[in-house]
Amino acid sequence: MVGTDFAFEPDGFTVDAGSPVVVTFENRGAVAHDWILRTDEGAEVAGTRMCAAPGETVVASFSLSGGTYEAWCSLPGHYESGMKGEVKAEPASAG
Ligand SMILES: [Cu+2]
């Protein structure tokens, strides 16, 4: 996953619910960015907050209950400028 000024690439992805997820976040922008997941109710999902200085790569590992989550950058104005995305956690398919 890559962050630029001002977008996430890709802006979304799907993971298996309940399984460990490792996300790497590389900041290719000129200013600091973060990547955080929150629920529909706006609650931050534990373990998903990643803050990266320009040129820095950070990693987070977490697992998600089934559902849809919003990814966003909490720096002032960034979310409004397009730093948002969606992560879906779906039951692992059998076979
Ligand atoms: Cu940002």
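**View 1. Strands S8 and S9 run antiparallel.** Six bridges join strand S8 to strand S9 (residues 84-90), where a strand is a DSSP run of E with at least two residues, numbered from the N terminus, and two strands pair if DSSP finds at least two bridges between them. One point to look for is Thr68, whose bridge partner in S9 is Lys88. The model shown here is predicted, so that local features need pLDDT of at least 70 and side-chain atom pairs count only at pLDDT 80 or more, while totals for chains, interfaces and linings use all residues. Residues are numbered from 1 along each chain as its sequence is written.

**View 2. Strand S8 also pairs with strand S5.** Strand S5 (residues 33-38) and strand S8 (residues 67-72) are antiparallel to each other, and three bridges hold the pairing. Within this pairing, Leu37 has Ala71 of S8 as its bridge partner. In a regular strand the side chains alternate between the two faces of the sheet.

**View 3. The chain contains nine strands and zero helices.** Followed from the N terminus, its elements read β-β-β-β-β-β-β-β-β. Contacts, which require C-beta atoms placed from the backbone to lie within 7 Å, join residues at least 24 apart in 63% of the cases where the residues are at least 6 apart in sequence.

**View 4. The C-alpha atoms fill a box of roughly 45 × 25 × 20 Å along the principal axes.** Of the 95 residues, 21% count as buried, a label for residues with 20 or more other C-beta atoms, placed from the backbone, within 10 Å of their own.

Terms used
Helices (H or I, at least four residues) and strands (E, at least two) are DSSP runs, numbered from the N terminus. A residue is buried if 20 or more other C-beta atoms lie within 10 Å of its own, exposed if 12 or fewer, and partly exposed in between; C-beta atoms are placed from the backbone. Two residues are in contact if their C-beta atoms, placed from the backbone, lie within 7 Å.
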